[in-house]
Amino acid sequence: MTCVFSGVVVGWRLLHFTQENREMTSAIAPALAAWSPVARLAVFMLSAGLICSHAPARAADVAFSDQESHAGDQAAPARPVRPQRYQPEREAPRIVEEIPAAPSQTRAAREGEDAIPLRLDLPAPAAVAEKMASKPSQGGPRKIGFNRLLADFLEPSQAASRSWPWRALASGERVTRVQVRSPGAAALRVGVRVKRMPASGELRFFSGQAAQSRAYRVEFKSVQHILDASRNAGARAGENPDVYWSPTLEGDQVIVEIRLASPADLDRLDLEIHAVSHLLLDPKQSSNLAPQAAASCNLDVNCYSTLNQKGEDISAAVARMVFTTVDGTGLCSGTLLADRAHSNIPFFLTARHCISTAAEASSLETAWFYESSECNSRTLAANVQYRSGGASLLESYSQNDMTLLRLNEQPPAGVIYAGWDWNAEGESYAGIHHPEGDLKKISFGAAQRGYRCDTGSGDQVICFPDAGGSYFRMLFDRGFTEQGSSGSGIFKDNAYLVGTLTAGSGVCNDSYGIYGRLKAGYDSGLNKWLENNKIGFLENPQPSSYQSGITVISGWTCIPGANQATPEVGQVMLEIDGKTLLRASYGTSREDTRSDCGDINNGFGLLVNMNSFGPGAHSVRALADGQEIGRASFTVTTLGSDYLRGASGTYRIPDFPATGQNVLISWQENLQNFVISARNVSADTRSGQTPIAAPPGTGSVARPSAENAATLAASPAAAGLRGYLENPQPKSYLSGITVLSGWACQPAAIKRVSVEIDGLPVPASYGTERPDTSAICAGTDNGWGVLFNTNSLGDGLHTARALVDGVELGRADFTVTTLGGDYLRGLSKTYRLADFPKGGDSVVVIWQENLQNFTIKEADVH
C-alpha cells in the first residue's frame, strides 16, 4: 500500500492531512528526509481523516473527512482473560518431523537409494524477476520469494509422479526421488499438488546441498487432513487448495522423496510438483537477513523486561511467520492467544493482509523463540524451534484487518498463550514483533484515538476518526515497526493483547502504528473461539447401555449464541477406552439445537462397527476441541467375529411391547444386528422372510464395492462421483433408531451429503475415516452416516435416496415396522434366541430405549 506524506510518497497508504496536522507534518518532514530508506517506513499516519489504497496512489485518489463519529462501543467489555504458560508433560506429536541432520546423500546411501533418477532443472530466473522479488513489497508482508510454476518451463508429464521411476526396497516399500533446482535461490519451498493419495505412505523433503542440511518427513494421512481443511473451506479456500507446501529448505535444489507401503499403492497415487517458491534469503538463518535486516533503531526484546506480575514472559507468545501465497513467500508476525477455558487450543492471531485464505494458512511455518541469545547480540538463541504443520483458517475480517488461525501442531513447551483485553485511549502498551523477519524486537508507546475505515472504489480504504471504530492509533516513543511486523500484537501490562498491527509510519523513536482492535474482532465472531464455553450432549451410546453391530456414535455440541458460517468447534474426537482417538465428522444440521446454540449445524457422528472394539465393557468420551462434553460406559457383545457373514434368522418375541402382543425380529447382515420386521403375528410363527444379504463387497462397513463405484462413475450425472449407499439395503427391514450410512468421494470437495427419505432430506455427517476407500478415493475421510428414527416414517414401505451435493449416489426400498408410536418409553424386555447364529448357539437380546430397538446383550457361540 502507498502513502502520500506532505506530498512525498513514502510507503503503504495514501494519506492527506487536515489543517490540524500540517504543522506536525512540516516538523517531521525534514527529519524524515535525513533518514535512510530503511528507516523511512511505509506511512499510514493519520489524525483526522485519511485515504489508503493498496496500489500506488495518484492525486486523484486523495479524499478525506474531518467529521468525527461519536458512536461509542455498543457492548459492555468482556472480562479479560489472563495469559497461560504452556508446559506439557511431554511434547505433542509433530505433523512434520525433522529427520536428524546429515547430508541427504549420506542418508539415502544408508538405504541404497543414493541415485536420483530424475532431475528437474529450471532455468535461472530473469534478472528483472529477481529484482522485483527482492524489492520490499508495497506494504503488507515482507516478501522474500516468488513462485515459479514448473508448467512454465517443463513438459507437464515430467512433474507428474506417474512418470517417475520407482524402485523396491528390502522392506517391501516402493520409493522414488526427484530433484528440483532453481538456480540462485537461497532457499526453496516445493508445492506438491495432490490429486490422489493412498492412506499410507510418506513424503520426504531434503535439501540438495552436500553439507549438513535440513530434511523433513510427513505422512500422507497428515497431508490429506491439511488439504481437506483447505478444500472444504468454500469461498475462503483461496487458490490452489490442493497444493501442499513443503517446509523451507536451504539452497537452490530440493530432493522430493515419496515412499509407498506396497506396490498396489502405485495405482492410488497421483501427484505433481506444481511449483517452487524461490526464496532470496533463508528465513531459518538469521545471518541471511542482512543487509535488509531491521532498522538499527529497533529495540532488542531481550534488553527489556517482558515479564508480567506472575512471571510470565509475554514475548514467548509471539512467533515469526513464513507463508506462501499464489505470488510468493512472505514474512509476518503473530501471537498465540488463550481462550477463556485455557484449553491450550493453539489459536494464533495475525493480520488479514498476511493470511486471508485457507490455502495460505495451510502453508504456515512458525518460528518460536526466534530472538537474540542476549541483549543486542546478533547470535540466534539456542532454543529456537520451528513448526511446519500449517494452520486452519477460522476467521478473517477486513473491517479490522484481523485473521484467527488454529495451528495444526501444538507449539513447543515454554511458550505463553497471551491473555487479551480491550484497548483504552492513553494506556501504555508494548508491541512485540519481527521487523523484516529479524530477531524479535519491542516498541513502546501510548494508545491514541480510534478510527473507522470503509472500503472506497477499487482497493481504496477511507478512514474517519471514530471513538468506536475498529482501529486505534499508537504513538511510539521508543522503537519502530517495519514490514514483517505486520500482524504482531500490542500488549498491556505484558499480559493482554489488545490489537494487531496493520501498518506503521514515521521515523525512529517518533512513529505511529495503526492496530486492528481486538474488541472489533471479538464482536465480529472471535468471541465464539476465545470464550470457548461449549455445551453439548453425547446421545449414543447411552451410559450403561449394550451395543452391538454397526451404529453411529453421535451427539451435538456448540458454543451458545454463536451463529457464524464457520463451525465453532474445530474437531470432535471420540476417545475409546482412554487410549484410542477417533475423529468424528462435525456440522450436521440439527434443528433441535437452535434454541440452545443459536444455529443448527452442530451435530457430530462417527460410523463404527462396535464389534471391532471386542466383547466386554468399554467407555467413550466425546471431546470438542479437547473439552469433554459427554462420556458413557457400554458393553459390547460379539458373535465371534467383527463381521458375521451368511447368518439369517427371524424370531418371535412374546409379550412385547405389552402382554398378549408380540413382535418379529430379523437379522440384518449389513447392520450386524436385529431389527423389528413385523408385529402381532400368530403364535406358531418362528421364522419368516429372510432379509436379503448385502451385495458382494458391501457387507462390511469397512469394505466398499469397487464394482458399484465403477458403475456409478460411468453415469454422466455423477461427474466423477464414487460411493455407495450401504444402509439401508434394498428390500431390507428397518426399525427404531438406526444408522443410514455409506461412503462417497469425488474430485471436487463434497459440501453436503443427505439421505432423502420419501422426499424428505436428512443431513448426514460426512468425513468419517474409511481407510478401505483409499483404493478408490484420493483419501480416507469418505464415510458418512446419520442416526435416524425410522419410527417417524410410520409402518410400511419407504424409499431412501443418498445424495451427494444433489447428485444421487444410490437408493433402496425398505420396510418399517413400528410399535405404535415414534418413541416408546418405559419398556423393557430381555429374550433368548435359540440356534443363532447357528444350531446349538444362542444369543440374548435386550430392548434399548435410546435406540428403540433390540441389541445383543449376551452370546453363547460355539
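1. Which residue takes a positive phi in the hairpin of strand 52 and strand 53? Asp805 does, with phi near 50°. The hairpin has 2 residues between its strands. Please keep in mind throughout that this is a predicted model.

2. The strands around that hairpin deserve a look. Strand 52 and strand 53 (residues 807–816) run antiparallel and are joined by 9 bridges. Within this pairing, Thr799 has Asp813 as its bridge partner in strand 53. Strand 52 also pairs with strand 48, again antiparallel, through 5 bridges.

3. The side chains of Glu756 and Arg801 meet at 2.7 Å, N to O. Glu756 sits in strand 48 (residues 753–757) and Arg801 in strand 52 (residues 796–804), 45 residues apart. Glu756 counts as buried, at 19% relative accessibility. The cut-off for buried is under 20%.

4. Strand 45 is joined to strand 47 (residues 737–745) by 5 bridges. Asn727 stands opposite Ser741 in strand 47.

5. On salt bridges: the whole structure contains 46. One of them joins Glu371 to Lys440, with the closest N and O atoms 3.2 Å apart. This pair links distant parts of the chain, 69 residues apart. Glu371 is in the loop between strand 21 (365–368) and strand 22 (385–387). Lys440 is in the loop between strand 27 (428–433) and strand 28 (441–455). Glu371 counts as buried at 11% relative accessibility. Lys440 counts as buried too, at 0%.

6. Asp265 and Arg268 form another salt bridge, with 2.8 Å between the closest N and O atoms. Asp265 is buried, with a relative accessible area of 3%. Arg268 is partly exposed, at 23%.

7. Salt bridges also form a network. Its members are Glu173, Arg177, Glu202, Arg204, Arg217, Glu257 and Arg259.

8. How many disulfides does a search of the whole structure find? It finds 4. One joins Cys303 to Cys375, S to S 1.9 Å. This link is right-handed, with 100° about the S-S bond. Cys303 lies in the loop between strand 17 (299–300) and strand 18 (318–324), and Cys375 in the loop between strand 21 and strand 22, so the pair ties together parts 72 residues apart in sequence. Cys303 is partly exposed at 27% relative accessibility. Cys375 is also partly exposed, at 40%.

9. Cys332 and Cys354 form a disulfide with an S to S distance of 2.1 Å. Here the link is left-handed, at -80° about the S-S bond. Cys332 is in strand 19 (residues 328–337). Cys354 is in the loop between strand 20 (347–350) and helix 5 (358–362), 22 residues from Cys332. Cys332 is buried at 0% relative accessibility, and Cys354 is buried at 3%.

10. A further disulfide joins Cys558 to Cys597, S to S 2.0 Å. It is left-handed, with -80° about the S-S bond. The pair links strand 36 (residues 550–558) and helix 7 (residues 594–597), 39 residues apart. Cys558 is buried, at 0% relative accessibility. Cys597 is buried, with a relative accessible area of 0%.

Key
Residues numbered from 1 in each chain as written. Predicted model: local features only at pLDDT ≥ 70, side-chain atom pairs only at ≥ 80, totals over all residues. Heavy atoms only, no water. Pairing = 2+ DSSP bridges. Helix = DSSP H or I, 4+ residues; strand = E, 2+ residues; numbered from the N terminus. Salt bridge = Lys/Arg side-chain N within 4 Å of Asp/Glu carboxyl O. Buried < 20%, exposed > 50% of the residue type's maximum accessible area, 1.4 Å probe, protein only. Disulfide = S-S within 2.5 Å.
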